[in-house]
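User: I am new to this structure and would like to know what lies behind the labels used for it. Please set each value against its definition.

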Amino acid sequence: MAIQIGAKPESSFNDPLGLLSDCHRRIEKFLEQMVRIARDSDGTGLPDAERTALTTALKYFRGAAPLHTQDEERSLFPRLRVSQGSEMAAAFDALARLEADHDRADLLHAEVDALGEAWLTDGALQPADLGRLRAALQDLKSLYAAHIAVEDHEVFPLAGRSLAALLLEQVGREMAARRGLDFDNLPGVSHCQLRKAHRD
């Protein structure tokens, strides 16, 4: 990826909350690419650039995005639920809603993946299927817009205030281990950059 002057550097596993937020930017980017491709196409053959972009986006949501969900549901949210503090009671409902969002997103991603793969394989989508793809992508875009806003502006800042440094380190270690990576030997490595084993 090209480096942009003035762009925020990728966070490292030592900053798991920053990593989670960085992945939100990737989710937004890949989702917007798919929305644009489906919106601007009539469902016939895809030009090479759009085919590559769709392939890459589907691969991302099939591989990296589920790991991001596990980072939250298996590593971050459980630690928030057992932490102390007056802010936590109000956060419990938000965590439950976020987990419900994950379930809804999984269903939508399954539909997008099936339709996207059919498009790539067959070279075209019937009008009804293209309509289904556009609708599922718009639903995902709306879902993620609200979901990411809550996490980036409420849950992650709360975690930063409420969780001790040791607990946040544990989150980072689990995130690395989930990808088959050694936390102690990965300074500055982005958790969204999966090893080849996870990309294939």
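**Salt bridges, burial, helices and cores**

User: Why is the pair E111 and R132 called a salt bridge?

Analyst: The closest N and O atoms of E111 and R132 are 3.2 Å apart. A salt bridge needs a side-chain nitrogen of Lys or Arg within 4 Å of a carboxyl oxygen of Asp or Glu, so the pair qualifies. E111 is in helix α3 and R132 in helix α4, so parts 21 residues apart in sequence are tied together. Helices here are DSSP runs (H or I, at least four residues), numbered from the N terminus. The model is predicted: local features need pLDDT of at least 70 and side-chain atom pairs pLDDT 80 or more, while totals for chains, interfaces and linings use all residues. Residues are numbered from 1 along each chain as its sequence is written, and side-chain values use heavy atoms, without hydrogens and water.

User: What makes E111 count as partly exposed?

Analyst: Its relative accessibility is 26%. Buried means under 20% relative accessible area, exposed over 50%, and partly exposed in between (1.4 Å probe, protein chains only), so E111 is partly exposed. R132, with 40%, is partly exposed too.

User: How do you know whether D71 and R178 are buried or exposed?

Analyst: D71 has 0% relative accessibility and counts as buried. R178, at 19%, also counts as buried. Their side chains meet in a salt bridge at 2.7 Å, N to O. D71 belongs to helix α2 and R178 to helix α5 (residues 165-178), so the pair ties together parts 107 residues apart in sequence.

User: Where is the kink in α2 centred?

Analyst: It is centred on F61 and is about 35 degrees. The bend at a residue is the angle between axes fitted to the seven residues ending there and the seven starting there.

User: What makes a set of residues a nonpolar core?

Analyst: The members are buried Ala, Val, Leu, Ile, Met, Phe, Trp, Tyr and Cys residues joined through side-chain atoms within 4.5 Å. The largest such core has 32 residues, of which M34, F61 and Y144 touch the most other members. Helices α1 (16-40), α2 (48-82), α3 (88-122) and α4 (127-162) each supply at least two of its residues. A second, separate core of 23 residues includes L17, L19, L76 and M88.
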